[in-house]
Amino acid sequence: MNTYCASSSSASMSEQDFENIPKQREFVVNEIPAAYDLFGVVNHYGRMGFGHYNAFARRWNEHRIEDDWNLFDDSAVRNDITKENVVSNAAYLLFYRRRTFA
């Protein structure tokens, strides 16, 4: 496992290992905004250990992201979904894509 991932063995990292981790300033570029678009949501209904999952997603590529959402529920796919349908307390996983700025 590389130094960017947390693991149960991270407590055994040496001082040298910590010095080799890039500092945050190397990853932050203030001139480029950090704006993200939500493109997928996985929902879980039920309790721990059992239940039902479904997912909402919208199509995107390197140029744009569509406004229309689709619902994937077992073998059924619906495309008459509004943003209000996507937002719920059942959201389990959220998928974001960082916007690119030219």
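Residues are numbered from 1 along each chain as its sequence is written. In this predicted model, local features need pLDDT of at least 70, side-chain atom pairs count only at pLDDT 80 or more, and totals for chains, interfaces and linings use all residues.

**Exercise 1. The fold**

Task: State how many helices and strands the protein has, and in what order they run.

Solution: 
- Count the elements: two helices and five strands. Both are DSSP runs numbered from the N terminus: helices are H or I with at least four residues, strands are E with at least two.
- Read them from the N terminus: α-β-β-β-β-α-β.
- Check the contacts (heavy atoms within 4.5 Å). Of those between residues at least 6 apart in sequence, 47% join residues at least 24 apart.

**Exercise 2. Asn 43**

Task: Determine whether Asn 43 is buried or exposed, and what its side chain reaches.

Solution: 
- Locate the residue: Asn 43 lies in strand β1, residues 36-47.
- Apply the classes: buried is under 20% relative accessible area, exposed over 50%, partly exposed in between, with a 1.4 Å probe and protein chains only.
- Asn 43 has 0% relative accessibility, so it is buried. Buried residues make up 19% of the 102 residues.
- Follow the side chain: it comes to 3.2 Å from the backbone nitrogen of Ala 91.
- List neighbours, leaving out residues up to four places away in sequence: Asn 43 touches several residues, among them His 52, Tyr 53, Ala 91 and Tyr 92.

**Exercise 3. Aromatic pairs**

Task: Classify the pairs Phe 39 with Phe 95 and Tyr 53 with Tyr 92.

Solution: 
- Set the rule: rings of Phe, Tyr and Trp (its six-membered ring) pair if their centres lie within 6.5 Å; planes under 30 degrees apart are stacked, over 60 edge-to-face, the rest tilted.
- The whole structure holds three aromatic pairs.
- Phe 39 and Phe 95 have ring centres 6.2 Å apart and planes at 45°, so this pair is tilted. The pair joins strand β1 to strand β5 (residues 91-98), across 56 residues.
- Phe 39, at 18% relative accessibility, is buried. Phe 95, at 37%, is partly exposed.
- Tyr 53 and Tyr 92 are edge-to-face, at 5.9 Å centre to centre and 65° between the planes. Tyr 53 sits in strand β2 (residues 50-57) and Tyr 92 in strand β5, 39 residues apart.
- Tyr 53 is partly exposed at 43% relative accessibility. Tyr 92 is exposed at 52%.

Note on methods. Side-chain values use heavy atoms; hydrogens and water are left out. A polar contact is a pair of N or O atoms within 3.5 Å; within protein, one must be able to donate a hydrogen and the other to accept it, and residues adjacent in sequence count only if both atoms are side-chain atoms.
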